[in-house]
Amino acid sequence: MLAGMSRNLDLDLLQRVVDTPGISGFEDEVQDLIGAELKRTCNEVRSDRLGNMIGLKKATKPVSGKTLKLALAAHCDEIGAMVKYIDGDGFIRFQRVGGLFSQALTSQVVTIHGRTNVKGVIVPDMAAKEIPSPEDLLIDVGMPKEEVEKMVEVGDPITLAQPFLRLNENVVMGRNFDDRIGTFCMLEAMRRVGETSVDVYAVSTVQEEVGVRGMPVAAYAIEPDLGLALDGSCTLGAHIKPHTYTVDMGKGTGIYIIDNLTIGNRKLVRFLYDLCEQNGVQYQKNIGGGTDASAMQRTKAGALATTVGAPVRYMHTTVQLCHLDDIEATVQLLCLFMEHGHEMAEACQ
């Protein structure tokens, strides 16, 4: 464990968050779970037309002047697929929903969420000399076409079936840690946070994996002054060149400096560094991919925004790994940010 780090994580909740299905556009079941958890900690909980779940925890210790609005955003959608075609032998072709890679798909078990849930396997072409494109892969559910069509139709969502697993004392594995780790960190921080002088909006967003579609709608309604997206920090691991990423698993939460969609507000990034250093929270400087922070930063009058998140190995595969100490460090930083967010008032003017 990290120096001085003690864990107080609800691992049962983590498992439920990870194992509940919800690909982009089909997030209802996981949003029901998240909404129920937010009702335990927030003054108000609502959903919008796109499906975002928004919890408001009002300031408990108001200060003079304007009460800042602070938003936390974690996307609940996971990558997956959709039934596209059922051939004469009952094999299913599928449309990708989000960034699925062929290297991570062959020989995987999937669940097709049809009239009833149906298990299937993505079968490898043993004669192929190259990795096939996802469009050429087939799902075999072990039944003839007429039986398949009683339960499955075009448009049904498909999730990868790998369940949550604790590899050892320190490391957990799941198919969708991008971004169910961020979702869990948000819920856990909302449970633990102390007195605040800001209004906190906890937002479980939809359709991030297909182009950051959910958070612009929520940000337009909330108009936050401060915003943190909670997302995975890509990290070093097997088959990764050392210069590729700037963070490693087990060495603290990742604080984004820049990603493909957002240059983190410099004052906010420095404020997060200071919170960590002053309170013994281990952190790493991260250069990431692209997150919901972009929507908070650029919607209406904009917000001071960046992203934080526990390092996750092997993103967009079924064997994503995360260290529990990094999750704990992320939760601690979120609590500190909510409790001290009012100190950023001058920067928000």
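1. Basis of the model. The model is predicted, with local features requiring pLDDT of at least 70 and side-chain atom pairs counted only at pLDDT 80 or more, whereas totals for chains, interfaces and linings use all residues. Residues are numbered from 1 along each chain as its sequence is written, and side-chain values use heavy atoms, with hydrogens and water left out.

2. The bond joining aspartate 178 to aspartate 179 is cis, with omega near 10°. Aspartate 179 belongs to helix 4; helices are DSSP runs of H or I with at least four residues, strands are E runs of at least two, and both are numbered from the N terminus.

3. Packing of helices 1 and 4. Helix 1 (residues 11-19) packs on helix 4 (residues 177-192) at about 140°, the axes being 9 Å apart. The axes are lines fitted to C-alpha atoms over the stretch in contact, and angles run from 0 to 180 degrees between N-to-C directions. Helix 1 is therefore oblique to helix 4, given that angles under 35 degrees count as roughly parallel, over 145 as roughly antiparallel, 65 to 115 as roughly perpendicular and the rest as oblique. The crossing of helix 1 and helix 4 is right-handed (the near helix is turned clockwise from the far one by less than a right angle).

4. Positive phi values. Serine 107, in the loop between strand 5 (92-97) and strand 6 (109-113), has phi near 70°, although serine 107 is not a glycine. Its relative accessibility of 53% makes serine 107 exposed (exposed is over 50% relative accessible area, buried under 20%, partly exposed in between, with a 1.4 Å probe and protein chains only). Glutamine 207 likewise has a positive phi, of about 55°, and is found in the loop between strand 12 (199-205) and helix 5 (215-222). At 16% relative accessibility, glutamine 207 is buried.

5. Aspartate 156. This residue sits in the loop between helix 3 (145-151) and strand 9 (157-160). With a relative accessible area of 9%, aspartate 156 is buried.

6. Isoleucine 263. The loop between strand 15 (253-258) and helix 6 (266-279) contains isoleucine 263. Isoleucine 263 counts as exposed because its relative accessibility is 59%.
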